[in-house]
Amino acid sequence: MDSMRRSSVGLLIGLLLIRFNWCSVVGGEGAGEVGVAFPVVVSTWPFREAVRAAWRVVSASEGGGSAIDAVVAGCSACEELRCDGTVGPGGSPDENGETTLDALVMNGATMEIGAVAAMRYVKDGIKAAKLVLEHSEHTLLVGEKATAFAISMGLPGPTNLSSSASIEKWEKWRQNYCQPNFWKNVVPVGKCGPYHPINLSSVEVEDSVKNGVEGSQGGLCQGYYESDNFLEPIKSHLKIVNRHNHDTISMAVIDKMGHIAVGTSTNGATFKIPGRVGDGPIPGSSSYGDDEVGACGATGDGDIMMRFLPCYQVVESMRQGMDPRDAAKDAISRIARKYPDFIGAVFAVNKEGVHAGACHGWTFQYSVRNSSMQDVKVITVYP
């Protein structure tokens, strides 16, 4: 009997170790290594220093930090490094030359979320989002009121979020007649606006706008009035969306206890219309996580992707039994069927730490670290 009891106890301990430390998986195309070990950190793009920062927190020898704290540390590192110029202060100016921040953090154990959007004058986007989560019953604060909240909670500010690089980029864009931009079905009064809508059914409106522009600008904008393109919808945003101006850090962490957290930080689309909020602070779009299932992070054309909540879709697909690779591909394909020209990507990681990615319109990379690795590994995913 004693030997049977010892065997039973040994089996139980072994099962617990498998659940909380080592989970063997079969890695398919775009998936991770076979020996997955908790904790796990996954991030969009080759943001190695961000993953290392999160790893230092979550893998600490004495118990390890929480998944939430690790996500905040990782995203904060990317904000400080200004990853690709599209995370944190000092990049991605809007049409007025100003940089604003969007960020989100989510606790996969409680499903609590804190987020800020179009936040001005505070450089710590992800920390502000965590303060919303910890010190309010709300999910999302926006604009100058988000700024006031963050400063009242102790974050430094007000701070100018522009940099010499972002201002130089904005000035060159202005010199290029503010092209490309995110307007459509409009005509400008002046080389950079203001813009007026084109009424496709009214010749009177067409003549009025045309005469107004010619009277104030002479021949400067005559190119807009060629018979072949005057009423053609402007879709210049398709020319502006690429890796280095639609970048986001989205990160997922599974800590030693198997708890999941996700976070996102971005300074948005370059030359966005002031007031624009992308998918970064939108739960289920840029990121989503649930302890019972797994997590997802996204990057790309947020104006398109947020219409589909791809990360919510990924997590729910995994809940229904899909593996991470199929769940990621399914979420991206749903967008591509409606918007074949969009660019974007997601990574998926289930609660056992199995990870995969999918993309459309570009080659995507994501970064991973777990206890079986000596350092961060970058996974490349092809469309």
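Biologist: Are W45 and W362 buried or exposed?
Modeller: Residues are numbered from 1 along each chain as its sequence is written, and side-chain values use heavy atoms, with hydrogens and water left out. Keep in mind that this is a predicted model, where local features need pLDDT of at least 70, side-chain atom pairs count only at pLDDT 80 or more, and totals for chains, interfaces and linings use all residues. Buried means under 20% relative accessible area, exposed over 50%, and partly exposed in between (1.4 Å probe, protein chains only). On that scale, both W45 and W362 come out as buried.

Biologist: What kind of aromatic pair do the rings of W45 and W362 make?
Modeller: Rings of Phe, Tyr and Trp (its six-membered ring) pair if their centres lie within 6.5 Å; planes under 30 degrees apart count as stacked, over 60 as edge-to-face and the rest as tilted. Here the centres are 5.0 Å apart and the planes sit at 90 degrees, so the pair is edge-to-face.

Biologist: How many residues apart in sequence are the parts that this pair ties together?
Modeller: W45 lies in the loop between β3 and α2 (48-58). W362 is in the loop between β14 (355-360) and β15, so the pair ties together parts whose separation in sequence is 317 residues. (Helices, H or I with at least four residues, and strands, E with at least two, are DSSP runs numbered from the N terminus.) As for the number you asked for, that is 317.

Biologist: Which residues form one aromatic cluster with W45 and W362?
Modeller: The structure holds 8 aromatic pairs. The cluster with W45 and W362 also takes in F347, F364 and Y366.

Biologist: How many of the 7 residues of strand β15 (residues 364-370) are buried?
Modeller: β15 is largely enclosed by the rest of the structure.

Biologist: Which residue stands opposite Y366 in β16?
Modeller: Strands pair if DSSP finds at least two bridges between them. β15 and strand β16 (residues 377-381) pair in the antiparallel sense over 5 bridges, and a hairpin of 6 residues joins them. Across from Y366 you'll find I379.

Biologist: And which residue stands opposite V368 in β15?
Modeller: β15 also pairs with strand β3 (residues 40-44), antiparallel and over 5 bridges. In that pairing, V368 faces V42.

Biologist: Which strands stand at the edges of the open sheet?
Modeller: Its 4 strands run in the order β11-β12-β13-β14, with antiparallel pairing. Two of them have a single partner strand each, so one side of each is left without a neighbour in the sheet: β11 (287-290) and β14.
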